[in-house]
Amino acid sequence: MAKLNSTELKVLQDVEGWKEDGPGFLNLATHMMTKPLVWAADKLIPESASEKMGEVSDTIVARIQDLSQWTVSEEEVLQSTKEFEIDSETILELKKASVFDLIHVSEEFGKFNTRLAIAEGFGTGLLGWPGLLADLPALFTLCFRLIYQNALCFGYQLDEPTEEHESFEIGYMLRVFKIATSSSFDGKTKGLAELKAFEEQHPNGVHWVGGDFTRKQIGKTAAVNLSRMLINQILKETLARKAITSIPGVGAVLTAGFNYYYVNDVAKTASMIYRERFLLDKRGRKKIVNIAID
């Protein structure tokens, strides 16, 4: 536990200010069109594309569960921090670093991945609907790569899912992703509340007291099903807003622009949420929730 200085407290205030803002640029710009676009998507999306949406969702979930798809290594993140003169040999040691230095690293990850998103979007945008369907798994994987880099940057290592346990960090990242892609202020607020509830309900953060109680574990299968539900929600809104980018040729420019703002919104959200988590943990927030069991 450590007392935060005035500049660190200012960072927390900035995060609170961000929470009170509307969604990111792309989501804010499309907020008023979201509902009609969802309706229009049903009319505009070819039947052949609709039939493949389930496959796209399954592909995205499989990529998220397969950590090798993220092409992120702890060594890569540590090397990036050294460029800002952060002398840490392990991810855990980054918790002792200056939050301001870590924010700079986080911002560099954001810039790099938005450039990748532009290149990837331009290439797939040339192909119309087939390209869009190919673009979505790549775009979602890129966003998760970025969120994962932020997690590592602020000192949070991934706990891999097992047959008995879900991965807390993957669940956490999914909810960060949902907040980043919310198309309304209400959606963003609800997403933030869901993230807080998820964090409080995590088994390692709950201390059961009173009586005999066996906590039910959430198995890997259940975690995958939950991931699929969240991804389907995000996928539906994303597809509706990307429908206009399916125009061959012209769609290349539109898809590149869409991907830039989409990943940029994810970068901003991930950086804000993880810098807050970093400082709250440094300050020593209570992680134990006492629940009386009759």
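**E169 and its surroundings**

I began with E169 and listed its contacts, leaving out residues up to four places away in sequence: Y156, Q157, L158, D159, Y274 and R277. I note at the outset that the model is predicted. I placed E169 in helix α8, which spans residues 168-180. Is E169 buried or exposed? Its relative accessible area is 7%, and the cut-off for buried is under 20%, so E169 counts as buried.

**Rings around Y274**

Y274 is one of the contacts of E169, so I followed its ring next, as the cut-off for a pair is ring centres within 6.5 Å. I counted 10 aromatic pairs in the model. Y172 and Y274 make up one of them, a tilted pair with 5.6 Å between the centres and 50° between the planes. Y172 belongs to helix α8 and Y274 to helix α11 (residues 250-283), so this pair ties together parts that lie 102 residues apart in sequence. I found both Y172 and Y274 buried.

I then checked Y260 and Y261, which pair edge-to-face at 5.0 Å centre to centre, with 80° between the planes. Y260 has a relative accessibility of 30% and therefore counts as partly exposed. Y261, at 33%, is also classed as partly exposed.

Which residues form one aromatic cluster? I listed Y156, F168, Y172, F198 and Y274.

R277 sits over the face of Y156, 3.8 Å from the ring centre. R175 sits over the face of F198, at 4.0 Å from the ring centre.

**The nonpolar core**

I turned to the largest nonpolar core, which has 69 residues. Which members touch the most other members? They are W70, F140, F154, M173, F177 and Y274. Helix α7 (residues 129-153) gives this core its largest share, 14 residues. As a general point, nonpolar side chains in soluble globular proteins tend to be buried together.

I took W70 for a closer look. Leaving aside residues up to four places away in sequence, W70 touches R63, I64, T141, F144, R145, Y148, L158, I170 and M173. M173 is itself among the core members with the most contacts to other members.

**I231**

I located I231 in helix α10, residues 220-242. Its relative accessible area is 0%, so I231 is buried. Beyond residues up to four places away in sequence, I231 touches S57, I60, V61, I64, F140 and L174. I64 is also on the list for W70, and F140 is among the core members that touch the most others. I also looked up the spacing between I231 and K178, which are 53 residues apart along the chain: their C-alpha atoms are 8.3 Å apart.

**Whole chain**

I finished with the totals. The protein has 11 helices and two strands. Along the sequence the order is α-α-α-α-α-α-α-α-α-β-α-α-β. Of its 294 residues, 48% are buried. How much of the contact set with a separation of 6 or more comes from residues 24 or more positions apart? I noted 83%.

Notes:
Residues numbered from 1 in each chain as written. Predicted model: local features only at pLDDT ≥ 70, side-chain atom pairs only at ≥ 80, totals over all residues. Heavy atoms only, no water. Core = buried A, V, L, I, M, F, W, Y, C linked by side-chain atoms within 4.5 Å. Buried < 20%, exposed > 50% of the residue type's maximum accessible area, 1.4 Å probe, protein only. Helix = DSSP H or I, 4+ residues; strand = E, 2+ residues; numbered from the N terminus. Contact = heavy atoms within 4.5 Å. Phe/Tyr/Trp six-rings, centres within 6.5 Å; stacked < 30°, edge-to-face > 60°. Lys NZ or Arg CZ within 6 Å of the ring centre and 35° of its normal.
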